[in-house]
Amino acid sequence: MYTVESLVAQIQGLSSSAGDLSLLLTHLKQADEFLHNESTRLFPFLEQLDPTLHSLERQALLGQSPMSKREDWFCSSPGFSHLVLQIRFYCFSMHLIDASYLFEVVVIAVCKSFKDQVLMLEAPIRGVVPLLEAVKKLRSSEHLTTLHPDFLQICLLAKCYKTGFSILEDDIFEVDQPRDFYLYCYYGGMICIGQKRFQKALELLHNVVTAPMSSINAIAVEAFKKYVLVSLIYNGQFSTSLPKYTSSAAQRNLKTLCQLYIELANTYSIGKISELETYIQTNREKFDSDNNLGLVKQVVSSMYKRNIQRLTQTYLTLSLQDIANTVQLSSPKEAEMHVLQMIQDGEIYATINQRDGMVRFLEDPEQYKTCEMIEHIDSSIQRIMTLSKKLTAMDELISCDPLYLAKVGRERQRFDFDDFDSVPQKFNI
Amino acid sequence: MEPDDEIYANGEPDSSNNRNRPIISGEQLDIEAYAGLYTGRTKITRLLFIADQCGQNNNTAMQMEALRMAYEEIKKGENTQLFRDVVHKIDGRLGDKYGMDSAWCEAVDRRAVQKKEKLENELNAYRTNLIKESIRMGYNDFGDYHYTHGSLADAFKSYVRTRDYCTTSKHVIHMCMSAILVSIETGQFTHVTSYISKAEQTVDALDPNTVSKLHCAAGLAHLDSKKYKLAARKFLEVAPELGNSYNEVIAPQDVATYGGLCALASFDRMELKNKVIDSINFRNFLELVPEVRELIHDFYSSHYASCLEYLGNLKANLMLDIHLHDHVQTLYDQIRNKALIQYTHPFVSVDLHVMANAFKTTVAGLEKELEALITDNQIQARIDSHNKILYARHADQRNATFQRVLQTGNEFDRDVRAMLLRANLIKLEYKASRKL
């Protein structure tokens, strides 16, 4: 039998090397029930343990203490910094121990409670760095852990878009929980919007909207709203038909649930800035309550850009006055600002002649002759080759998967008897 | 004429036009001559249509003329309902002579009731005797009766009912032609198409004239559904022997106008030359409407100004046409766009002033038209708005290819990754459902 005192002694003794640590883990697991019963008496002993050395054990003890007490303890500032240190320690000790499944679970549990804690303290920025470390350490390649969405959420709340974006650049292929995946893509999309990386945002949101789902969920609905807006900003259009691999639940419900946004897209496609603005003005409150008003405003400004871009296709030279008239800007001065901004952003190629107020549109100077371009193309080819190898591997893997074969076999059978058996049944048996 | 002059003439249409100053029918439509082209019910409906259109445009003199002729025409028939409508429309504005003639109405109505009873009795007798041919005749008479008295829906039903009693393919054709006639009157062109295909299936009983009639009807149906190219092809197939034999639906002049305009709007140069200008068949029709012939030739030989002038002069009259009025604007726009495209096609740069001159429009207006066409990617060019010159734009194949390659690569990359993810999710879902 264990007593609290003996356990603490054991912990202190066994924490020195990696082998001992795993032994300790098994010990702690065995002592699970006992700890649960004794949970109220645990806190004084916690203080005896050095946070850097014994944080794992502390967590084991802590995990058993009742929720209310835990919060008290967390709220005190030493408790908080303990947790931070604890995560650091885990990340460090991941190298020592083979990342066993149990260990991973513990880390995730710690990080989850840490996240709750940070949110409760309303100081999300304090959580960014420790969680980033945890995510980086925990991740095996291409695997989405449940920590990813949490981390992205913290980044969003702390407005640390850049930090969050660094995680998004890695490819993800394996998923444990569909919900994690939806959240990861949704939060990721929002971070990309914050960084103005609309293409990536569109891709992530597209993933949520078209993900296989048996029933519609709130994440997908919110993602669809943002998807409509971002595709208006980035592509200047939104085709109302979703791709055919979209789940039928999404295809049936999304459009009726997001009528407001579909209408916006329709108004946008007419191409009249005044109509768009009146539509937005009348529905301003609804957009605001969806927290999408900022994006909606960007949609409006993207329309000016789109219209100016269209002019470059049609005209070689055009006066600022004419631009202002066609794009429905109030003055040539304003048109000049828009054109200038777009030239700076590399969205159009043009020169402004201020003497007679003429804009001269140029062709895209990219000649696809530079070394960088060749390298860029080469790297793209390499990337796509690895990707298609992965695809083939995946295909082979699935075609060997017993589950898949069983399913396909069941479906095939029905046809087999009728279609392929020319010999009557009784002769077969 | 030498080719050099031809191009020059393009820009300076005024000088070239003098050589064959044509008969331009800019004056008002001669209703009497127009009505003379048609017989039967369509004459009345066309007159009434003209009256309505003129009423909208406040052209009272012409409206009254049309109404007067319609009144006279109806008086010859037995359609009292239509008669009352027309009298109401005239509203006493043509004097006592064209007022309400109640005595006539009552007499006609009485006769109609008697006739209906007689027909019903006959039909019942036939039905009890189960003589197929007589029943067919009975229904057919009923159809005719309804048709003359203006209840087109009933007429259509009666005609269609004869279908079960048709014994020879001639009967089938007769049934189809009656049904087509009524459907065109009511404007139900889906019926028209279905009965045309039905009639065309009975190959053995089709004489050339019937084929031409069917082509006309099919052309009208396509025109109604805005398939101008198909409509043009159908009208072009009509044989000139049609003559005045299908006057209850269409006059040969109409075949020329409808076919010509639709062809102009939808054919490319090759097809226009082969099927319209060089067609011996269609030439006979075009002779009937010299304006259309001239404008097609002008279009083909790139005298756009005179072509557009003809079109402009014809427009008022075409708006009075019961079948074409809805499509005039679309067809005109398409023809104009085609003219603009053809004009710019051979040049590297075009002076907008010269071009505007050729199309009889202002430079600013022309710029707007060209802008729309360029945006639609129908003209590959860019406008130098400062110097008012249009430059042809030769797409750089190499750059375009690079751009497309990179774009396709990105799309592939994105799609494959999304696909792998979805496959994984489906796998998860399936496993989860198995465990339950």
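Chains are lettered from A and ligands numbered from 1 in the order in which they are written, and residues are numbered from 1 along each chain as its sequence is written. In this predicted model, local features need pLDDT of at least 70 and side-chain atom pairs count only at pLDDT 80 or more, while totals for chains, interfaces and linings use all residues.

**View 1. Chain B as a whole.** Chain B has 22 helices and 3 strands; helices (H or I, at least four residues) and strands (E, at least two) are DSSP runs, numbered from the N terminus. Of its 436 residues, 36% count as buried, a residue being buried if 20 or more other C-beta atoms, placed from the backbone, lie within 10 Å of its own.

**View 2. The contact between chain A and chain B.** Chain A contributes 31 residues to the contact and chain B 30; two residues are in contact if their C-beta atoms, placed from the backbone, lie within 7 Å. On chain B, helix 21 (363-375), strand 2 (381-384) and helix 22 (397-435) each supply at least two residues of the side that touches chain A. The largest share of that side, 21 residues, comes from helix 22 of chain B.

View 3. An open sheet of 6 strands has the order 4(A)-5(A)-3(A)-2(B)-3(B)-1(B), with mixed pairing; two strands pair if DSSP finds at least two bridges between them. Strand 4 (350-353) of chain A and strand 1 (349-351) of chain B stand at the edges, each with a single partner strand, so one side of each is left without a neighbour in the sheet.

**View 4. Strand 2 of chain B and its partners.** Strand 3 (residues 315-319) of chain A pairs with strand 2 of chain B in the parallel sense over 2 bridges. Ile383(B), in strand 2 of chain B, is the bridge partner of Tyr315(A). Strand 2 of chain B also runs antiparallel to strand 3 (residues 389-392) of chain B, to which 4 bridges join it. Ala392(B), in strand 3 of chain B, is the bridge partner of Ala381(B).

**View 5. Helix 8 and helix 9 of chain B.** Helix 8 (residues 132-148) and helix 9 (residues 152-161) of chain B pack at an angle of about 165°, with their axes 8 Å apart. That makes helix 8 of chain B roughly antiparallel to helix 9 of chain B, a term for angles over 145 degrees. Residues making the contact include Tyr139(B) and Phe142(B) of helix 8 of chain B and Leu152(B) and Ala155(B) of helix 9 of chain B.

Notes:
A residue is buried if 20 or more other C-beta atoms lie within 10 Å of its own, exposed if 12 or fewer, and partly exposed in between; C-beta atoms are placed from the backbone. Axes are lines fitted to C-alpha atoms, for helices over the stretch in contact, and angles run from 0 to 180 degrees between N-to-C directions. Angles under 35 degrees count as roughly parallel, over 145 as roughly antiparallel, 65 to 115 as roughly perpendicular and the rest as oblique.
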